[in-house]
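Please open the structure in the viewer and keep the selection tool at hand. The tour begins with a single residue and then widens to its surroundings.

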Amino acid sequence: MANSGIQLLGFALSLIGIIGLIIGTILPQWKMSAYIGDNIITAVAMYQGLWMSCAFQSTGQLQCKIYDSILQLDSSLQATRALMIVGIIVSIAGLGVACMGMKCTTCGGGDKVRKSRIAMSGGIILLVGGLCAIVACSWFAHNVIRAFYNPYTPVNTKFEFGAAIFIAWGGSLLDVLGGAMLAASCPQRKQVSKYPSMASARSGPPSSTKEYV
């Protein structure tokens with residue numbers, strides 16, 4: 001029961017993590033304009049994401065524009081896009097494999113050892129997908145920090161972290177945690193004792209005495 005509970009918890013954490021990855025990838029708030037220096041009071045807040053850039057005005061109006069050409073984007077943004085997409089696809093595939101190997105499902109036959117190995121394989125795939133997303137978020141964050149502290153960057157074009165990157169970070173960590181739980185749910189092989197059990201030792205060899213009338 002404990003092994004089955006760990007599998008269910010790992011599956012739930014991975015599912016929540018994948019939802020967080022999808023939401024974080026879609027949202028445009030990966031970085032937002034930093035209010036420093038002369039940029040403290042402004043009527044427009046700028047947001048930039050993986051797919052579009054948005055401007056939020058003080059009147060409450062939000063205007064977004066999708067990036068026109070992929071080739072015009074810098075290589076770091078393209079790599080972040082690719083890693084996030086790969087992480088989501090790999091995580092979804094790992095979740096499907098793990099679902100077939102869980103004890104509470106009837107897929108994969110009735111062999112418990114085989115099902116546990118399938119669940120372990122799904123957990124390893126989830127780990128790979130989560131690590132891809134962590135690398136993508138960390139790389140994007142490194143570029144934001146480097147541009148922020150660059151003295152040649154104009155003050156009105158400096159950005160800081162937005163909400164979407166934290167959602168993606170949280171989703172990737174939950175994905176990794178759930179995959180680790182599924183990967184650790186493989187049962188250990190039972191060790192066969194080389195010595196006879198105490199019951200058989202006490203019983204001893206069958207008696208060869210005969211009763212004579």
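Select Leu 15 first: its relative accessibility is 37%, so Leu 15 counts as partly exposed, a class that lies between the limits of 20% and 50%. The model in view is a predicted one. Leu 15 is located in helix H1.

Now move to Lys 65 and Asp 68. Their side chains form a salt bridge, with a distance of 3.7 Å from N to O. Colour both residues by accessibility: Lys 65 is exposed, and Asp 68 is exposed as well. A search of the whole structure finds one salt bridge.

Switch to a surface display to conclude. The accessible surface of the protein chain amounts to about 13300 Å², and carbon and sulfur atoms account for 67% of that area. Of the 213 residues in the protein chain, 34% are buried. Among contacts in the protein chain with a separation of 6 or more, 67% join residues 24 or more positions apart.

How values were computed: Residues numbered from 1 in each chain as written. Predicted model: local features only at pLDDT ≥ 70, side-chain atom pairs only at ≥ 80, totals over all residues. Heavy atoms only, no water. Salt bridge = Lys/Arg side-chain N within 4 Å of Asp/Glu carboxyl O. Buried < 20%, exposed > 50% of the residue type's maximum accessible area, 1.4 Å probe, protein only. Helix = DSSP H or I, 4+ residues; strand = E, 2+ residues; numbered from the N terminus. Contact = heavy atoms within 4.5 Å. Areas by Shrake-Rupley, 256 points an atom, 1.4 Å probe, with all protein chains shown as cover.
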